[in-house]
Structure formats: C-alpha cells, structure tokens
Amino acid sequence: MSVTDLADALDISRKHASQIINGHTRIEPMMAVRLSRVLGTTPRFWLNLQASVDEWDANVELADWQPRTTFAAPGPTNHPV
C-alpha cells in the first residue's frame, strides 16, 4: 500500500500519514483507533508501540543522568486482611 492509500483510508493528509510512517509524529489514541480499524489490529497494539518508542527515547535522552539519591521500595506489611 502506498502512503496515499493509507492516508485515504485513515481520512488524513498524505503529509500526516508520511509523518506517522517515518516516526515524526506520535500515535495518539484517536489515530490508534483509526489504524486498528484500517489495518485489522487493535488500538492497544498501536498505543503499546508508541509507549515503547517513548520509553526508548527517554532512555536515550537520559543515558548519562544519575539520580542524586534512591529510595527502597516499601516492603510487605503484616496488616491483617
């Protein structure tokens, strides 16, 4: 399928479709629904892909950052249920 075909199916501009394909714009929830309906997937699939990209970008941006201090996670409590 061409960029034009995808853009037409999604009812968006060719430029916007190209930006999505080339990773220059985020997949927002409304677009995830459109993509899922056009491509036979689920919105969650597209949102998970975007979350993975966001995580990757954050790790790259913060590669050299170190926290000033860290805190241990709270342990289990002995409160009766």
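**Reading the labels on this model**

Q: Where is Asp11 found, and what makes that stretch a loop between helices?
A: Asp11 sits in the loop between α1 and α2. Helices here are DSSP runs of H or I with at least four residues, strands are E runs of at least two, and both are numbered from the N terminus.

Q: What kind of model is this, and which residues and atoms count?
A: It is a predicted model: local features need pLDDT of at least 70, side-chain atom pairs count only at pLDDT 80 or more, and totals for chains, interfaces and linings use all residues. Residues are numbered from 1 along each chain as its sequence is written, and side-chain values use heavy atoms, leaving out hydrogens and water.

Q: Why is Asp11 called exposed?
A: Its relative accessible area is 65%. Exposed means over 50%, buried means under 20%, and partly exposed lies in between (1.4 Å probe, protein chains only). Asp11 is therefore exposed.

Q: What is the secondary structure of the protein chain?
A: It comes to four helices and zero strands. Along the sequence the pattern is α-α-α-α.

Q: Which residues make up the largest nonpolar core, and what makes them one core?
A: The core has 11 residues: Leu6, Ala7, Leu10, Ile12, Ala17, Ile20, Ile27, Met31, Ala32, Leu35 and Trp46. A nonpolar core is a set of buried Ala, Val, Leu, Ile, Met, Phe, Trp, Tyr and Cys residues joined through side-chain atoms within 4.5 Å. The elements giving two or more residues to this core are α1 (3–10), α2 (14–21) and α3 (29–39).

Q: What does Leu35 contact beyond its neighbours within four places in sequence?
A: Leu35 is in contact with Leu10, Ile27, Gly40, Thr41 and Trp46. Contact means heavy atoms within 4.5 Å.

Q: How do you know that Ser36 is buried?
A: Ser36 has 7% relative accessibility, so it counts as buried. The residue is in helix α3. Leaving out residues up to four places away in sequence, Ser36 touches Thr41, Thr42, Pro43 and Trp46.

Q: Why is Leu49 called partly exposed?
A: Leu49 has 40% relative accessibility, which means it counts as partly exposed. Leu49 is in helix α4 (residues 43–61). Leu49 and Ala32 are 17 residues apart in sequence and 10.0 Å apart in space, C-alpha to C-alpha.

Q: What makes Arg44 an exposed residue?
A: Arg44 has a relative accessible area of 54%, so it is exposed. Arg44 also lies in helix α4. C-alpha to C-alpha, Arg44 and Ala32 are 7.5 Å apart in space, and they are 12 residues apart in sequence.
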